[in-house]
Amino acid sequence: MNTINIDNMEGFNDDNETNNLSNNNEKIKKIKDDSDILAKNLLENIVNTYVTDDDTINDTINKKYIQDKLKIDTILLSSLIFQLSVNNIEVNDIMNETRSGNTKSTFYMSLASLEKSKIEIIKQIDSFLYNIDITYKNILENMNNEKEKSKAETKSSDNNYRNTKDMLKDILHDDDKQL
């Protein structure tokens, strides 16, 4: 009876390949984590540039909206940064292969394709950050307009005078403030 020793078969139980896969998974996880952190920091800096004080976002609806928008924007930007990072790793791998003497034409075609996609990803990131900047500027302007509108409504509702004498007192009092 012949027995087959599976441990000696090629392709089975290859510890090096298993270690390489786990190392690659760890590298990918680290790249993803780094992309998340970078995206979060970039977007928080943009948001903090426009929406700095709590008086601006004292309305809980606005706070929730900004927090939710920031989460979504972080996911999108993180994905773009991750794609760029993986693209850079692939370009480096192909360059290392060609340096070692492997000069297949497919490597050059792949390199050209990766460089083209790298440029597109960079354009997408730039466009995304530009649009985010404009979006948060608009959010701040809208919140300030709502704030001024509510102040004006409050002031107009406070100006219900019982008689002309009260109205004149208020006008004279406003003139004293301006002087």
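Tutor: Confidence comes first, as this is a predicted model. Helix H2 has the highest mean pLDDT among the elements of the protein chain, at 88, while helix H4, residues 164–178, has the lowest, at 64. For the protein chain as a whole the mean pLDDT is 77, and 70% of the residues reach 70 or more. Residues 1–14 have a pLDDT below 50, and in the model this stretch has four contacts beyond near neighbours in sequence.

The largest pocket holds about 180 Å³ of space. Two elements each give two or more residues to its lining: helix H1 (15–50) and helix H2 (60–99). The residues that line the pocket are Asn24, Lys27, Ile28, Ile31, Val86, Ile89, Glu90 and Asp93. Sorted by class, four of the lining residues are nonpolar, three are charged and one is polar. Lys27, Glu90 and Asp93 count as charged, and Asn24 is also part of the lining.

Lys32 lies over the face of Phe82, at 5.8 Å from the ring centre. As for pairs between aromatic rings, the structure holds zero.

Terms used
Residues numbered from 1 in each chain as written. Predicted model: local features only at pLDDT ≥ 70, side-chain atom pairs only at ≥ 80, totals over all residues. Heavy atoms only, no water. 1 Å grid on protein atoms, 1.4 Å probe; cavity = no way out; pocket = protein on both sides within 12 Å on 5 of 7 lines; lining within 4 Å. Points joined across faces, edges and corners; volume = space filled by probe spheres on them. Helix = DSSP H or I, 4+ residues; strand = E, 2+ residues; numbered from the N terminus. Phe/Tyr/Trp six-rings, centres within 6.5 Å; stacked < 30°, edge-to-face > 60°. Lys NZ or Arg CZ within 6 Å of the ring centre and 35° of its normal. pLDDT = per-residue confidence, 0-100. Contact = heavy atoms within 4.5 Å.
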